[in-house]
Amino acid sequence: MLATICADDFMPLLGQCCYFHCAQNPVLELQIQAVRLRPRAQVPTGKRVPFVVELATTQDIGLGDAVGRLALPAQVLHEVWLGRVIPAGRDPAFAYFQLPFN
């Protein structure tokens, strides 16, 4: 399932919420903030252009990186890796995450 996901699947979801479920944390509500293509990360035999989905939450959490299930409005992605990133000039009241697809 994850191998068939592409950046275009996330574009209509910009600004919408999704829910991340993992063993380390209760359900985490995330807003999809951006989808960024990373064509320079593509391997020669790769069929899709790598991309990163940027997400944010206002929930007070101690979650760093985690593997879990991401519930989108129309589908559920299993065994996705969610990585926490620093605010880097953004609002520090939010916790920021990225969901990379290579």
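Visitor: Is Cys-18 buried or exposed?

Guide: Quick caveat: this is a predicted model, where local features need pLDDT of at least 70, side-chain atom pairs count only at pLDDT 80 or more, and totals for chains, interfaces and linings use all residues. Residues are numbered from 1 along each chain as its sequence is written, and side-chain values use heavy atoms, leaving out hydrogens and water. Buried means under 20% relative accessible area, exposed over 50%, and partly exposed in between, with a 1.4 Å probe and protein chains only. Cys-18 comes in at 0% relative accessibility, so Cys-18 is buried.

Visitor: And how does Cys-6 count?

Guide: Cys-6 has 28% relative accessibility. That makes Cys-6 partly exposed.

Visitor: How many disulfides does the whole structure have?

Guide: A disulfide here is a pair of cysteine sulfur atoms within 2.5 Å. The sulfur of Cys-6 is too far for a bond, because the closest cysteine sulfur, in Cys-18, is 16 Å away. Cys-18 is in no disulfide either, with the nearest cysteine sulfur, in Cys-17, 7.3 Å off. The search of the whole structure gives zero.

Visitor: Which pattern does the protein chain follow along the sequence?

Guide: Helices (H or I, at least four residues) and strands (E, at least two) are DSSP runs, numbered from the N terminus. Read in order, they give α-β-β-β-β-β-β.
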